[in-house]
Structures are given as C-alpha cells and as structure tokens.
Amino acid sequence: MLKYAILAGAALIAAPVLAQTTATSPQSAPTGAGVASQPQTDAMASPQGTPTDPVPMQSAAREQPATGSQVAQVVDTEFPTYDKNGDGKLSAAEFAGWMVALKTKTDPSTKPDAPETKKWVSAAFAQADTDKNKSLTKTEVTSFLTQG
C-alpha cells in the first residue's frame, strides 16, 4: 500500500510536466506521446476551466503507474531539494520530509507529526535502505519507488 501511495505521488508530481509537454506541442501528441498522455490532453483541452478538470488527470495517473524512467526522472529532479546537507544521500529526516510531501499531495489530511505517519515513513525508510547504512542514495530511492 505504501508503494502505491508513493507511486501515485510520484505520478502526480510528473503529471504537470507531461501535461506541459503535451500542451506545448499538440501536433506531436498522436505520434510521440503514447497512451499515457491522452487523458492528460483531454483534461487540458477542457473548455470549462472548472476546478474539477484536474480530477480526470489524477485518476488517469493513478490507473497507469509511472514507468521506471518517469520515476527516475522525478527522483533526479526532486532529490537535491530534499538532500538538505548536499551529501548525495538522504537521512531518515530528509526522506521523511519528501515522503510526507508526496503523501500530502495524495491525501491532504496527512499530518506529519501523527504517529501513524511517522510509523509509515519509518517503515518506508527501512524498506528503501537496502544496504542498511541509515541513508538512501538516488538509486535506492528510485528502486524503492519503482517496486510493484
């Protein structure tokens, strides 16, 4: 369940990038964008402009898990933001900040200081830290987020 929540969060982070690419070059959408971008194109093309427009895009992102390359791209982009000390590794606290941010995007009622959130983050860190050195590399984070 944790993996799916993280994958959904990663997909939600990647969705605006995919939508921007599709919106800026609609003539290439049928040939180069593939199936995953079609729901996003429909959501972006909606003439109503209502607050409910992003819902189909989010639903489509949840239905189609992010690919390994999409997750890797998000990790490459976001990793430096959460690596506060710039050592190329995430401590448990740095990882917790990232995971809480991802979970908050999928569940706005998430409270970072809640015991269940801390337990969830701790379990995620333990699972992601494959070499058990109490820090996570980009490779470990990417591997953890792409596990199915």
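Student: What makes the crossing of α6 and α7 right-handed?
Tutor: In this predicted model, α6 passes α7 in a right-handed crossing. A crossing is left-handed if the near helix is turned anticlockwise from the far one by less than a right angle, and right-handed if clockwise. The two helices pack at an angle of about 115°, and their axes lie 10 Å apart. Axes here are lines fitted to C-alpha atoms, for helices over the stretch in contact, and angles run from 0 to 180 degrees between N-to-C directions.

Student: Which residues make this contact?
Tutor: From α6 come Ala92, Phe95, Ala96, Met99, Val100 and Lys103, and from α7 come Thr117, Trp120, Val121, Ala124 and Phe125. Contact means heavy atoms within 4.5 Å. By class, the contact has nine nonpolar residues, one polar and one charged. In that count, Ala, Val, Leu, Ile, Met, Phe, Trp, Tyr, Cys and Pro are nonpolar, Asp, Glu, Lys and Arg are charged, and the others, Gly among them, are polar.

Student: On what conventions do such values rest?
Tutor: Residues are numbered from 1 along each chain as its sequence is written, and side-chain values use heavy atoms, leaving out hydrogens and water. As the model is predicted, local features need pLDDT of at least 70 and side-chain atom pairs count only at pLDDT 80 or more, while totals for chains, interfaces and linings use all residues.

Student: How many helices and strands does the chain have?
Tutor: The chain has eight helices and zero strands. Both kinds of element are DSSP runs numbered from the N terminus: helices are H or I with at least four residues, and strands are E with at least two.

Student: How does the length of α6 compare with the expected span?
Tutor: Helix α6 covers residues 92–106, which is 15 residues, and reaches 21 Å from first C-alpha to last. The expected span is 1.5 Å times one less than the number of residues, and for α6 the span is close to the expected 21 Å.

Student: Why is Val100 called buried?
Tutor: Buried means under 20% relative accessible area, exposed over 50%, and partly exposed in between, with a 1.4 Å probe and protein chains only. Val100 has 13% relative accessibility and therefore counts as buried. This residue of helix α6 is in contact with Pro112, Thr117 and Val121, leaving aside neighbours within four places in sequence. Over the whole chain of 148 residues, buried residues make up 36%.

Student: Is Thr110 buried or exposed, and how do you know?
Tutor: Thr110 stands at 10% relative accessibility, so this residue counts as buried. Thr110 lies in the loop between α6 and α7. Thr110 and Val100 are 10 residues apart in sequence, and their C-alpha atoms are 7.6 Å apart. Beyond its neighbours within four places in sequence, Thr110 is in contact with Lys103, Thr104 and Thr117.

Student: Which backbone oxygen lies 2.7 Å from the side chain of Thr110, and what makes such a pair a polar contact?
Tutor: The backbone oxygen is that of Asp107, at 2.7 Å from a polar atom of the Thr110 side chain. A polar contact is a pair of N or O atoms within 3.5 Å; within protein, one must be able to donate a hydrogen and the other to accept it, and residues adjacent in sequence count only if both atoms are side-chain atoms. The 2.7 Å distance is within that limit. In helix α5 (residues 68–82), where Thr77 is placed, the side chain of Thr77 reaches the backbone oxygen of Gln73 at 2.9 Å. Thr77 itself is exposed because its relative accessibility is 52%.

Student: How do you know whether Ser135 is buried or exposed?
Tutor: Ser135 has 10% relative accessibility and so counts as buried. Ser135 is placed in the loop between α7 and α8. Not counting residues up to four places away in sequence, Ser135 touches Lys89, Leu90, Phe125, Asp129 and Glu140.
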